[in-house]
Amino acid sequence: MIGRMLSVELLKIRRKLLWMLAALGPVGVIGLQAVNYGLRYDYLMKLYGDSPWEGLLQQVGSLMLPALFIGLALVASMSAGIEHQAGAWKQLLALPVTRLQVFGGKVMLSLLLLLASCTLLLLLTLGMGLLLGFDPQVPWAEIVRQSYLPYLAALPFIALQSWLSIVMANQALPLTVGTLGMVLSMFSLLMPAWMPWGWPDRAVRSADALQAAGSGLALGVFVLLIGYAHFARKDVS
């Protein structure tokens with residue numbers, strides 16, 4: 001039934017800007033790196049020497065993480081905002097669906113859009129490297145890791161933003177929380193390993209990338225359970 005609710009959510013956004021928003025992040029990241037390489041190509045090739053793919057991934061990763069944090073906040077807010085703006089929560093919950101299905105459909109929509117964004121980033125990173133004439137021996141493992149492990153490590157924040165956006169009609173606080181997360185992510189190298197804001201960066205740069213992604217997945221499920229428990233007991237208007 002959650003799959004059915006996801007289908008309904010996809011129909012709701014057919015004429016919305018959410019798909020464009022999901023694409024804007026990776027397009028913006030690669031676009032900025034295209035300018036970076038256009039202006040500093042010789043310097044960057046000299047800097048990274050025999051590992052131009054690694055250099056490209058480092059450059060993309062420096063912009064990807066802040067974009068991920070603000071992107072997940074905007075996607076969750078705009079998804080929940082469809083009902084908030086129309087005042088349609090009561091009508092939605094009056095239908096023969098459970099609150100779990102409604103909550104799950106909203107969360108699944110955010111997860112799907114962000115997964116599509118990560119996949120687009122992978123394709124654009126690959127395309128940029130090939131257009132720059134890098135070695136055709138593509139480091140697939142590194143590209144896949146950088147594209148998807150931060151997504152798993154950021155699941156607690158996707159869960160939190162979805163929860164806040166669903167239960168709050170005023171989206172100022174959820175968006176403020178998302179902006180704060182983006183700012184904190186820029187200082188991830190200074191954070192101890194147990195702080196979730198550093199996990200997406202650790203999923204890219206550290207040797208314990210799988211541990212960071214696994215921690216994000218576990219905490220994300222826990223936050224989702226708390227969020228659903230709150231939503232299940234909340235009065236809606």
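Colleague: Which residues of helix 2 are buried?

Modeller: Among them are Leu 18, Ala 22, Pro 26, Val 29 and Ile 30, where buried means under 20% relative accessible area with a 1.4 Å probe, protein chains only. Helices here are DSSP runs of H or I, at least four residues, numbered from the N terminus. Keep in mind that this is a predicted model: local features need pLDDT of at least 70, side-chain atom pairs count only at pLDDT 80 or more, and totals for chains, interfaces and linings use all residues. Residues are numbered from 1 along each chain as its sequence is written, and side-chain values use heavy atoms, with hydrogens and water left out.

Colleague: What covers those buried residues of helix 2?

Modeller: The cover includes helix 3 (52-86) and helix 5 (99-131).

Colleague: Where does helix 2 bend?

Modeller: At Arg 40, by about 90°; that's the angle between axes fitted to the seven residues ending there and the seven starting there. End to end, the C-alpha atoms of helix 2 (residues 18-48) span only 37 Å, while a straight helix of 31 residues would span 45 Å at 1.5 Å a residue. The expected span is 1.5 Å times one less than the number of residues.

Colleague: And what follows helix 2?

Modeller: Gly 49, with a positive phi near 55°.

Colleague: New topic: is Ile 166 buried or exposed?

Modeller: Ile 166 counts as buried because its relative accessibility is 5%. You'll find Ile 166 in helix 7 (residues 155-167).

Note on methods
Helix = DSSP H or I, 4+ residues; strand = E, 2+ residues; numbered from the N terminus. Buried < 20%, exposed > 50% of the residue type's maximum accessible area, 1.4 Å probe, protein only. Contact = heavy atoms within 4.5 Å.
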